[in-house]
Amino acid sequence: MSTIIASRVAFCRQATASGAASKGSIRLAHALRTPARLSVARLQAKVSRSIVHTVAVSSNDGTAATVAVSSNQSVTADALPEPVVKPAVRIGADGKPMKRRRKNGRTLRKQKSLQENKEDPQPLSLEAILNEDPDISDPKVLKQINKSIMSTKSLPQALKLVEDMAAAKIAPNEQTYVSLILVCRNQRQAERALVVYEAMKAAKVTPSILTFNLLLRCTAQSRRREDAMRIKDEMKAAGVEPDAATYTVLMEVVAKAAPHRGRKPPSKRLLEVFALLDEMKAKGLAPTTATYNMVIEACSAAQQVDQAMAIYLEMVGSNTPVDQNTFALMMRCAGLSGRLQHALAVFGEMKAAGVLANRDIYNHLIVACGNAPQPQVERAFEIFYEMQSEGRVSPNEVTFNALISAACKGGLPSYAFDAFEVMKTTDIVASRRTYNELIHAAGLRGIAGVEAAFEVYDSMRLAGEVPDQITFGSLIAACARARDASRALLVF
């Protein structure tokens, strides 16, 4: 017990310190053609300690201005200060400045897209291209058109160039269709990419292996398994031999197929992935790092740790480079199955290979400690301390949720609240899952934990988190452990 207390004290101290030409173009364009709120900034007025008077003056352009001066000052046009605009400050109900809310991923991507549109030059129109070189039979003209299509930021802009090509009777080539498929992929419109592929076949333009692989990546982006298998069959009928990248993308589509688009249970998906791997080897193609990583990920989804370990050993034996993603996938597979020794062994090999651990790897190790047959709570906190001491990787919500969950599974609820106290010293906001784990941890204390469970519940409501079935189930379980039937009925 003394060692447990000492390790907890050391953890808390360290955590606190670390804180056909035209027809094809027309058909393609026809097939594909199918209020932001502004917040008003509130400026906080700065009031001077001295007595001030407001004086209205007019500038040379006739606009009015208001200037505040002291009572013993005279106002002259030269003495007028330049207006200073201060940044907006949000004031809370308690009169204190509020912290800025963190921007989510969607907002950041939108701002990045707007910034790129401002910085990147606009794509050239067909008129501008023909002004430089009016000979439409010159291959350089078509090359410049394809480049402009690829640089467009939206599908309507690309279709406008295609329509202009049809009007000018410029025949599209394979690169034209590839440029359109790339625009569809960047806009995350895989269905439109398949329409481009059908128009390409109608124009009797033979796709190359690169075009087929690009189409397969679009199906992987939208997780369309049936379309991917159809493209694979058409690829074979066209006499185009697949390469290692083709099989890797096919494995990804099979392993991550959407539920309503031909998805099968994880075990059957794993069998299909292994069948593709065997077919790939039979053709004399050597699996790449990305291929092995996808097979390991499929093993992880099916929770087949032994199969994942066999693939990992095969990968090492064939001298295929092992990257950070490989180690992360192996530890995720071992962590979900509770194979702590496997996870620690792979972690040791990663260190020996000189590969730096990222946050996901540490999180998988903590999860493995909690899912072990005998949960290793102290080992989980040691891994967390190691991550903190490096100073290179910072924890996130998943890290603390894994620590709290490991403490609950190990029957040490006080460790869960210790992790939560450290979490509050960071900028990480607790989610509903965090509060649910804490309610469960409080309920493990028996009679003394009922009040703490309801205090956590009140904090959850004040934080704006909406309780769910797990929340109420954890509260009822806490009341049941304390033999408090009246409170359990009130929760119910």
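How are H22 and H23 oriented to each other, roughly parallel or roughly antiparallel? H22 and H23 are roughly antiparallel (angles over 145 degrees).

## Model and conventions

This is a predicted model: local features need pLDDT of at least 70, side-chain atom pairs count only at pLDDT 80 or more, and totals for chains, interfaces and linings use all residues. Residues are numbered from 1 along each chain as its sequence is written, and side-chain values use heavy atoms, without hydrogens and water.

## H22 against H23

Helix H22 spans residues 450-462 and helix H23 residues 469-481; helices are DSSP runs (H or I, at least four residues), numbered from the N terminus. Their axes lie 9 Å apart, at an angle of about 160 degrees. Axes are lines fitted to C-alpha atoms over the stretch in contact, and angles run from 0 to 180 degrees between N-to-C directions. The crossing is left-handed, that is, the near helix is turned anticlockwise from the far one by less than a right angle.

Val-450, Ala-453, Phe-454, Tyr-457 and Met-460 of H22 make the contact with Thr-471, Phe-472, Leu-475, Ala-478 and Cys-479 of H23 (heavy atoms within 4.5 Å). By class, this contact has nine nonpolar, one polar and no charged residues. Ala, Val, Leu, Ile, Met, Phe, Trp, Tyr, Cys and Pro count as nonpolar, Asp, Glu, Lys and Arg as charged, and the others, Gly among them, as polar.

## H16 against H17

The axes of helix H16 (residues 340-352) and helix H17 (residues 359-371) come within 9 Å. They cross at roughly 155 degrees, which makes H16 roughly antiparallel to H17. H16 passes H17 in a left-handed crossing. The contact residues include Phe-347 of H16 and Tyr-362 of H17. They divide into ten nonpolar, no polar and no charged.

## Salt bridges

The whole structure holds 18 salt bridges (a side-chain nitrogen of Lys or Arg within 4 Å of a carboxyl oxygen of Asp or Glu). Glu-191 pairs with Arg-224 at 3.1 Å between the closest N and O atoms. Glu-191 lies in helix H8 and Arg-224 in the loop between helix H9 and helix H10, so the pair ties together parts 33 residues apart in sequence. Glu-191 is partly exposed at 39% relative accessible area; Arg-224 is buried at 17%. Buried means under 20%, exposed over 50%, and partly exposed in between (1.4 Å probe, protein chains only). Arg-224 also bridges to Asp-227 at 2.6 Å, and both are buried.

Arg-379 and Glu-382 meet at 3.5 Å, N to O. They sit three residues apart in helix H18, about one helical turn.

Notes:
Helix = DSSP H or I, 4+ residues; strand = E, 2+ residues; numbered from the N terminus. Parallel < 35°, antiparallel > 145°, perpendicular 65-115°, else oblique.
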